[in-house]
Amino acid sequence: MIRKLDNIPVTTTWEQALEKLRINDEDDVAMVSGLFKTAKNIARPKALYRECYVENINGKAVRIDGVDFESDVLAANLKKVHRVFAYVSTCGTEVDDWSAGEKDYIVSLWLDMIKQLFLQDANKFLRDYLKKGYGFETISAVNPGSGNKENWPIAQQAGLFAMIGNVKQEIGVTLTDSFLMLPIKSSSGLLYQSDTEFTNCSLCGRKNCVGRRADFNKELYERTFD
């Protein structure tokens, strides 16, 4: 069953945004504060998910609801998992279309960071929704294209979208020819119940990544890709 969540509130505060933006100039702070308020009023974060079932795992080949994927990370993480939730979440086309009119490069970067916070609001809402609805304590995620390229190749994003359904029609997110999502501040992947939370960052060896949420785990990397 496909479920759309389009009543997601923006819970990010200006104080949280300012801490993330790290703007010190008083004039810039005043200007971006106004933009943040406008963006928050316009933004309509959304999420779309579908309950799916793991049918077969053979080596690094994984079949979920008739769709075939190939990933060491998927195969390793889903060995004991039967049910997954394929999802796409987004900051929303409304705020993305509005921000596209900004011509100043630096201001555009600030707006991108604000939209990323709105996306995080959507992701947290989705996780909390699943935890409450299904009685989960811990939810993990695997995401195509996240971390090292061998983790879960981004080209398999197409299969994920096909498995979910008409993502564009439901929440306005589209795939480019290079399998990137538009709006850019969107995310996709599989959510599943787990004993301990997994994050793609633990298998990513890239240094100085601004989006890192967990330290690189060399032991887990070697065990997964052995």
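This is a predicted model: local features need pLDDT of at least 70, side-chain atom pairs count only at pLDDT 80 or more; totals for chains, interfaces and linings use all residues.
Helix packing comes first. Two packed helices are described by the angle between their axes and the distance between the axes. For α1 (14-21) and α2 (26-42), the angle comes out at about 130 degrees, and the axes are 11 Å apart. That makes α1 oblique to α2, since an angle would have to be over 145 degrees to count as roughly antiparallel. The crossing of this pair is right-handed. On the α1 side, Trp14, Ala17, Leu18 and Leu21 make the contact, and α2 answers with Val29, Val32, Ser33 and Phe36. Sorted by class, the contact of α1 with α2 has 7 nonpolar residues, 1 polar residue and no charged ones.

Helix α2 also packs on α5, this time at an angle of about 45 degrees, with the axes 11 Å apart. α2 and α5 are therefore oblique to each other, and their crossing is right-handed. From α2, the contact draws on Asp28, Met31, Val32, Leu35, Phe36, Ala39 and Lys40, while α5 brings in Val107, Trp110, Leu111, Ile114 and Phe118. The residues of the contact of α2 with α5 split into 10 nonpolar, no polar and 2 charged. Val32 and Phe36 of α2 turn up in the contact with α1 and again in the contact with α5.

Next come the aromatic rings. The structure holds 9 aromatic pairs. One of them joins phenylalanine 36 and phenylalanine 118, a tilted pair at 6.1 Å centre to centre with 45 degrees between the planes. This pair ties together distant parts of the chain, with phenylalanine 36 sitting in helix α2 and phenylalanine 118 in helix α5 (residues 105-134), 82 residues apart. Both phenylalanine 36 and phenylalanine 118 are buried.

Another pair, phenylalanine 125 with tyrosine 129, is stacked, at 6.5 Å centre to centre and 20 degrees between the planes. Here both partners lie in helix α5, 4 residues apart, or about one turn of the helix. Phenylalanine 125 counts as partly exposed because its relative accessibility is 26%, and tyrosine 129 is partly exposed too, with a relative accessible area of 26%. Phe125 and Tyr129 also belong to one aromatic cluster together with Tyr49, Phe85, Tyr134 and Phe136.

That leaves the backbone. Most residues other than glycine have a negative phi, and most peptide bonds are trans. Arginine 22 goes its own way with a positive phi of about 60 degrees, despite not being a glycine. Arginine 22 is placed in the loop between α1 and α2, and it is exposed, with a relative accessible area of 70%. Aspartate 65, likewise not a glycine, has a positive phi of about 45 degrees. Its place is the loop between β3 (61-64) and β4 (67-70), where aspartate 65 is partly exposed, with a relative accessible area of 25%. Finally, leucine 182 and proline 183 are joined by a cis peptide bond, with omega about 0 degrees. Proline 183 is found in the loop between β8 (181-182) and β9 (186-193).

Definitions and conventions:
Residues are numbered from 1 along each chain as its sequence is written. Side-chain values use heavy atoms; hydrogens and water are left out. Helices (H or I, at least four residues) and strands (E, at least two) are DSSP runs, numbered from the N terminus. Buried means under 20% relative accessible area, exposed over 50%, partly exposed in between (1.4 Å probe, protein chains only). Rings of Phe, Tyr and Trp (its six-membered ring) pair if their centres lie within 6.5 Å; planes under 30 degrees apart count as stacked, over 60 as edge-to-face and the rest as tilted. Axes are lines fitted to C-alpha atoms, for helices over the stretch in contact, and angles run from 0 to 180 degrees between N-to-C directions. Angles under 35 degrees count as roughly parallel, over 145 as roughly antiparallel, 65 to 115 as roughly perpendicular and the rest as oblique. A crossing is left-handed if the near helix is turned anticlockwise from the far one by less than a right angle, and right-handed if clockwise. Contact means heavy atoms within 4.5 Å. Ala, Val, Leu, Ile, Met, Phe, Trp, Tyr, Cys and Pro count as nonpolar, Asp, Glu, Lys and Arg as charged, and the others, Gly among them, as polar.
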